[in-house]
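Hi there,

Here is the structure I promised to pass on. Have a look at it first, and my notes follow below.

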There are 2 protein chains.
Amino acid sequence: MLTVFGSTALDTIRTPKKTLKNVLGGAATYAAISASNFVDTGLIAIAGRDFPKKYHDLIAEHLDLKGFTIKDGKTFRYDGKYDKTLSTRATLKTQLNVSRDFKPTVPEDYRKSQFVYLANNDPEQNAKLINEFDNVKFSMCDTIDFWISTKRQAVIKMIKSVDAVVINDEEARLLTKEFNLIKCAKEMMEWGAKYVIIKKGEHGSLMFYDDIIFPTAGFPLENVVDPTGAGDSFAGAMMGYLASKKSTNLSDIKRAVVHGNVMGSFAVEQYGLGGLLRIKKGSIGKRVSMYEKMIRF
Amino acid sequence: MLTVFGSTALDTIRTPKKTLKNVLGGAATYAAISASNFVDTGLIAIAGRDFPKKYHDLIAEHLDLKGFTIKDGKTFRYDGKYDKTLSTRATLKTQLNVSRDFKPTVPEDYRKSQFVYLANNDPEQNAKLINEFDNVKFSMCDTIDFWISTKRQAVIKMIKSVDAVVINDEEARLLTKEFNLIKCAKEMMEWGAKYVIIKKGEHGSLMFYDDIIFPTAGFPLENVVDPTGAGDSFAGAMMGYLASKKSTNLSDIKRAVVHGNVMGSFAVEQYGLGGLLRIKKGSIGKRVSMYEKMIRF
């Protein structure tokens, strides 16, 4: 199985065409639901009493919730607005609420989990939590500019404690103080990451391992409506795919990256979680094959 | 053979690490020298009496110069400065000089040329010149923001008169007034381009033909020193490769695009034309194979 630790949230997403209010979001929600297409996935997260029953039912349908806590107080809320190109998002409001004092622990049943994904949480929390697992075969973490700016040393320490880092290009630059993405990856590998995956949004990704680079092109899409959660869906798919194969072979990691690209492409085609929730049977494999065929020459 | 029509220039290039003054440049110079790695290439261009003998000798070594005119006056000069990321360039000065009143004609020997590349010239000049060839099998044009802003209708008309358009992402958006690159390409195909190649710099390119999309990832490079001429080298390599194969099969066009990426990658690794001029025998094919192996999963 796969364990995902991170945030569940109630998001307000403002795109040029549509505004969604208080919809289910959060890095771990996207990652875990994406992963659940491939493998049984457990979620370690917290929500408040205001967390709507329909959302609770929805995640319960896809995920194991032994690690999901409901506490007195309000759910983490995020409010962000995209520009007209959908390429930059301004944060209008962040309310940590119950997630502020969340002390996550790993449920007994999850301790044997061989695959663990730590979303863009407090790096100290991530580094602590990974130690509660007994038998990790492959762990991966993400991070965001907030932690890089406020706890850079802790981010570096967290990277040392996992197998892989998945991070977007701008954050990789901010973290490593390098501009060239190969140099960024080398720096993170120097810190102890065995694998570095740099996400470049519509431009695909770069995966680094030892002296190997695996570049992917983004899956070309004509209709992008909401990029929210694309990177989380990418990471979740990678982990879900690997956990389903119980493998950390390089060729499976490459295939995992391609599955990450593909799940990210589904995520952005509809609003909120809609893209991930409306995937028809067989369409993931179909898109992976399309990509494989498309890039061939 | 291949004919390339466009500018030769004396460039001043200011990068964060180095400034080059009055070095050989120009879109057609880069494109033609890039192409000359694959096929005999003729250059239609103009320079002034100040054009240094060493540069004349240099292009004569690589290109057929029956279409190259020296006229009283000064050579076209360009002065541009890159920001510290090398991703944006500010134009400090442009002096058209002898190129202002250049009335290009196709030398008798070039009329039978089956492959023709029209660089980012005045679109009316490009559309006129292509009619002087007798037996064109494949023609491709580029354009730049200056022509899109000042002669948009002429650019559209030029696109109608050629087989393929090669254009960078920002210019494709400016020209078509679409943001999504698939929509941009569809618009240009609507205007009459059979093939559209959108260059995305370090992120590679997208080639469109009918309902086929061929995405390439950029060739990953750790040391980029000067992006000048990368797009022109890309286009020249595409045309040179196709002319050498005497082919317009889709599979050869895909391989041509990959050769474009690879030649662009050589171009940016050294200052000015240095990257193109110092390619060792066999290293183009080697990099194409590396790319092929790299993206495989």
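Between the two chains, 23 residues of chain B are in contact with 23 residues of chain A, where a contact means C-beta atoms, placed from the backbone, within 7 Å. On the chain B side, the elements giving two or more residues are α7 (181–190), β13 (212–216), α9 (250–268) and α11 (283–295); helices (H or I, at least four residues) and strands (E, at least two) are DSSP runs, numbered from the N terminus. That side has 12 nonpolar, six polar and five charged residues, with Ala, Val, Leu, Ile, Met, Phe, Trp, Tyr, Cys and Pro counted as nonpolar, Asp, Glu, Lys and Arg as charged, and the others, Gly among them, as polar.

Before going on, a note on provenance: this is a predicted model, in which local features need pLDDT of at least 70 and side-chain atom pairs count only at pLDDT 80 or more, while totals for chains, interfaces and linings use all residues. Residues are numbered from 1 along each chain as its sequence is written, and chains are lettered from A and ligands numbered from 1 in the order in which they are written.

How are the two copies related? A rotation of 180 degrees with 0.0 Å of shift along its axis puts chain B on chain A, at an RMSD of 0.0 Å (least squares on the C-alpha atoms of residues with pLDDT of at least 70 in both). The copies are thus related as by a two-fold rotation axis. Ala217(B) has the chain B C-alpha nearest that axis, at 2.4 Å. Since 100% of the interface residues of chain B are also interface residues in chain A, the copies meet through the same surface.

Chain A itself has 11 helices and 13 strands, and its C-alpha trace spans about 55 × 45 × 35 Å along the principal axes.

One helix pair in chain A is worth a look. The axes of α3 (residues 123–130) and α5 (residues 152–160) of chain A come within 8 Å and cross at roughly 25 degrees; axes are lines fitted to C-alpha atoms, for helices over the stretch in contact, and angles run from 0 to 180 degrees between N-to-C directions. α3(A) and α5(A) are therefore roughly parallel (angles under 35 degrees). Pro123(A), Glu124(A), Asn126(A) and Ala127(A) of α3(A) meet Ala154(A), Val155(A), Lys157(A) and Met158(A) of α5(A). This contact of α3(A) with α5(A) has five nonpolar, one polar and two charged residues.

Best wishes

Notes: Angles under 35 degrees count as roughly parallel, over 145 as roughly antiparallel, 65 to 115 as roughly perpendicular and the rest as oblique.
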